[in-house]
Amino acid sequence: MMLQETIRPSADLRNHYNEISRQCRENNEAVIITVNGRGDTVSMAYEEYKRLKARVELLELLVEAEDDVKNGRVAPIEDTFDELRNLLIG
């Protein structure tokens with residue numbers, strides 16, 4: 001899913017905050033705020049931010065797991081389940 005982006009000057013953030021906030025929430029858009037024509041900050045709906053953050057964290061875990069596999073840092077699945085059972089049961 002592609003996140004739509006809109007570019008707006010910093011003056012709009014000051015003068016039209018409610019409109020920008022609604023644009024972020026209702027349209028799932030990221031609004032890039034510019035200062036002197038250059039990207040400065042990004043505003044997005046909080047729910048969209050949480051989803052994006054969760055995706056990034058998952059990708060980081062997958063990259064770490066892939067690195068573990070490539071470097072032989074793996075254990076038999078039975079050992080992993082035994083460790084989990086011990087942690088849960090005590």
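**Close-up views of a predicted model**

**View A. Aspartate 67 and arginine 73 form a salt bridge, with their closest N and O atoms 2.6 Å apart.** A salt bridge here is a side-chain nitrogen of Lys or Arg within 4 Å of a carboxyl oxygen of Asp or Glu. Aspartate 67 is partly exposed, at 36% relative accessible area. Arginine 73 is partly exposed too, at 46%. (Buried means under 20% relative accessible area, exposed over 50%, partly exposed in between; 1.4 Å probe, protein chains only.) Elsewhere, shared partners link Arg8, Asp12 and Glu19 into one salt-bridge network. The count of salt bridges comes to 8.

This is a predicted model, in which local features need pLDDT of at least 70, side-chain atom pairs count only at pLDDT 80 or more, and totals for chains, interfaces and linings use all residues. Residues are numbered from 1 along each chain as its sequence is written, and side-chain values use heavy atoms, with hydrogens and water left out.

View B. Helices (H or I, at least four residues) and strands (E, at least two) are DSSP runs, numbered from the N terminus. Arginine 51 meets glutamate 48 at 2.9 Å, N to O. Glutamate 48 is buried, at 4%, while arginine 51 is partly exposed, at 36%. Glutamate 57 pairs with lysine 53, the closest N and O atoms being 3.2 Å apart. Both are partly exposed: glutamate 57 at 39%, lysine 53 at 40%. An α-helix has 3.6 residues a turn, so residues three or four places apart point the same way.

**View C. Leu58, Leu59, Leu61 and Leu62 form a nonpolar surface patch.** Together they have about 410 Å² of accessible area (Shrake-Rupley method, 1.4 Å probe; for residues, only the protein chains shown count as cover). Patch residues have over 30% relative accessible area and no salt bridge; like charges are joined within 9 Å, nonpolar side chains (Val, Leu, Ile, Met, Phe, Trp, Tyr) within 5 Å. Leucine 59 belongs to helix H3 (residues 46-70). At 54% relative accessibility, leucine 59 counts as exposed.

**View D. Helix H2 (residues 17-27) has the buried residues Ile20, Ser21, Gln23 and Cys24.** Down the axis of H2, these fall within an arc of 160°, so they line one face of the helix. The arc is taken from the directions from the helix axis to the C-beta atoms. On the face turned away are the exposed residues Asn18, Arg25 and Glu26. Asparagine 28 follows H2, with a positive phi near 50°.
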